[in-house]
Amino acid sequence: RHSIRLGTYTHDQKLIRIHPALDQAHVPRFFVAFVVFHELLHHVVPAREQGARLDHHPPEFKQRERIHPDYLRAVRWETEHLDSLLRWKR
């Protein structure tokens, strides 16, 4: 595996799901809070059609995501710890 879906948002249920890998002791709260923020943004800025596909992260989404106070720290933490998240087992 090269990626992991850390969270999902379901519009019709207004439901956020967080991957259980984020429940590990070494995962900082600021990172989990950022993932929740990211998923909440999907409610505010829904996916948009781009030709034959859906763009789940249009420019407005990315712009709003960057205003999160821990954006850079969260992106850095994810990059540095992606391997440990990918190795997570139930």
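Trainee: Which helix is the place of Glu 60?

Mentor: This is a predicted model, in which local features need pLDDT of at least 70 and side-chain atom pairs count only at pLDDT 80 or more, while totals for chains, interfaces and linings use all residues. Residues are numbered from 1 along each chain as its sequence is written, and side-chain values use heavy atoms, with hydrogens and water left out. Helices are DSSP runs (H or I, at least four residues), as strands are (E, at least two), and they are numbered from the N terminus. Glu 60 belongs to the run of residues 59-66, which is helix H2.

Trainee: What is the relative accessibility of Glu 60?

Mentor: Buried means under 20% relative accessible area, exposed means over 50%, and partly exposed lies in between (1.4 Å probe, protein chains only). Glu 60 counts as partly exposed, because its relative accessibility is 28%.

Trainee: Which helices hold Phe 31 and Trp 77?

Mentor: Phe 31 and Trp 77 form a tilted aromatic pair, with 4.7 Å centre to centre and 40° between the planes. Rings of Phe, Tyr and Trp (its six-membered ring) pair if their centres lie within 6.5 Å, and planes under 30 degrees apart count as stacked, over 60 as edge-to-face and the rest as tilted. The pair ties together parts that are 46 residues apart in sequence, because Phe 31 lies in helix H1 and Trp 77 in helix H3.

Trainee: What kind of pair do the rings of Phe 34 and Tyr 71 make?

Mentor: Their centres are 6.0 Å apart and their planes stand at 65°, so the pair is edge-to-face. Both Phe 34 and Tyr 71 are buried, and their pair is edge-to-face.
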